[in-house]
Amino acid sequence: MEIAGWLQAGGWGLLAGGALLLGAAAGVRYQVPQRLVAAIMAFGSGVLISALSFELMDEAVETGGLASTAAGFVIGACIYTGANWLLARKGAKHRKRSTPPEGADPKAKASGAAIAIGALLDGIPESIVIGLSLVGGEGVSMAMVAAVFLSNLPEGLSSAAGMKRAGHSTRYIMGIWAAIAVASGLAATAGFTLLHAFPPEILAAITAVAAGGVLAMVVDTMIPEAFEETHDFAGLIVTAGFLAAFALSKLSS
């Protein structure tokens with residue numbers, strides 16, 4: 001029996017968002033080397049950039065043309081950048097870090113609400129895209145699911161470790177990330193059910209808005225944190241992630 005599209009979208013979104021919870025569980029229980037976390041983050045950055053290029057932007061242009069795609073892409077990047085700037089002022093600037101930045105008070109208690117909103121800001125566009133990938137009836141984009149999963153894992157790990165270091169309880173931390181994982185599943189469901197009936201130009205613009213937001217997120221939050229720990233190897237690891245996602249995209253097409 002064929003599974004309803006909205007249920008598939010929600011399931012894939014929940015799977016990808018579940019990486020946040022998996023990472024958070026590791027972050028509160030184990031002392032994971034920050035360099036390993038940064039390497040995973042660099043690899044995930046490459047995977048996301050590849051998925052954006054070959055899964056989202058190409059599809060958006062084919063669906064609604066270059067003009068609507070370009071407009072949506074720029075709008076998405078602007079929306080994310082503005083929202084991220086506001087969150088940075090509320091204590092979520094280093095939400096992907098497990099250790100405080102140099103010169104910061106290591107005992108300063110990070111705002112759990114700001115970190116949670118920041119994680120939603122990072123994850124909602126990704127989850128919507130997962131739902132949108134099912135609209136054409138050709139199945140979910142496995143490259144996009146893998147990209148989101150690999151970007152969520154180090155985010156949950158680093159952020160949870162940082163929240164624990166700042167004094168938050170394990171129950172509080174796990175509760176936040178469980179709620180965000182569920183929100184990711186709901187966002188993917190919404191991406192499929194609410195947007196699939198839109199005209200091609202609007203659908204392309206919405207896809208591009210999400211793509212622009214995700215790319216801005218990668219550049220603003222993931223790559224700087226990854227480079228800080230991996231240094232000269234960051235470019236090589238990002239390249240490996242890009243190639244892995246590119247190969248997966250071609251093999252699944």
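Because the model is predicted, local features need pLDDT of at least 70 and side-chain atom pairs count only at pLDDT 80 or more, whereas totals for chains, interfaces and linings use all residues. Residues are numbered from 1 along each chain as its sequence is written, and side-chain values use heavy atoms, with hydrogens and water left out.

**Overall make-up**

The protein contains eight helices and zero strands, so that its elements, read from the N terminus, run α-α-α-α-α-α-α-α; helices (H or I, at least four residues) and strands (E, at least two) are DSSP runs, numbered from the N terminus. Of its 253 residues, 46% count as buried, where buried means under 20% relative accessible area, exposed over 50% and partly exposed in between (1.4 Å probe, protein chains only). The protein exposes about 11900 Å², of which carbon and sulfur atoms supply 68%, the areas coming from the Shrake-Rupley method with a 1.4 Å probe. Among contacts with a separation of 6 or more, 87% are between residues 24 or more positions apart, a contact being heavy atoms within 4.5 Å.

**Helix packing**

Two packed helices are described by the angle between their axes and the distance between the axes. Axes are lines fitted to C-alpha atoms, for helices over the stretch in contact, and angles run from 0 to 180 degrees between N-to-C directions.

| Helix pair | Angle | Axis distance |
|---|---|---|
| α1 and α6 | about 160° | 7 Å |
| α2 and α5 | roughly 150° | within 8 Å |
| α1 and α5 | about 30° | 6 Å |

Helix α1 (residues 5-29) packs against helix α6 (residues 170-193) at an angle of about 160°, which makes α1 roughly antiparallel to α6. Angles under 35 degrees count as roughly parallel, over 145 as roughly antiparallel, 65 to 115 as roughly perpendicular and the rest as oblique. The crossing of α1 and α6 is right-handed; a crossing is left-handed if the near helix is turned anticlockwise from the far one by less than a right angle, and right-handed if clockwise. Their contact has 17 nonpolar, ten polar and no charged residues, with Ala, Val, Leu, Ile, Met, Phe, Trp, Tyr, Cys and Pro counted as nonpolar, Asp, Glu, Lys and Arg as charged, and the others, Gly among them, as polar.

With α5 (residues 142-165), α1 is roughly parallel, and the crossing of α1 and α5 is right-handed. The contact includes Trp-12, Leu-20 and Val-28 of α1 and Phe-149, Leu-157 and Lys-164 of α5; by class, it has 17 nonpolar, five polar and two charged residues.

Helices α2 and α5, in turn, are roughly antiparallel to each other, and their crossing is left-handed. Among the residues that make this contact are Val-37, Phe-43 and Glu-55 of α2 and Met-144, Leu-150 and Pro-154 of α5; the contact has 16 nonpolar, four polar and one charged residues.

**Two residues in their surroundings**

Val-32 lies in the loop between α1 and α2 and is partly exposed, with a relative accessible area of 23%. Not counting residues up to four places away in sequence, Val-32 touches Ala-26, Val-37 and Leu-157; the C-alpha atoms of Val-32 and Leu-157, 125 residues apart along the chain, are separated by 8.3 Å.

Ala-38 is found in helix α2 (residues 34-64) and counts as buried, at 1% relative accessibility. With residues up to four places away in sequence again left aside, Ala-38 touches Glu-225, Ala-226, Glu-229 and Thr-230. The C-alpha atoms of Ala-38 and Glu-155, 117 residues apart along the chain, are separated by 9.7 Å.
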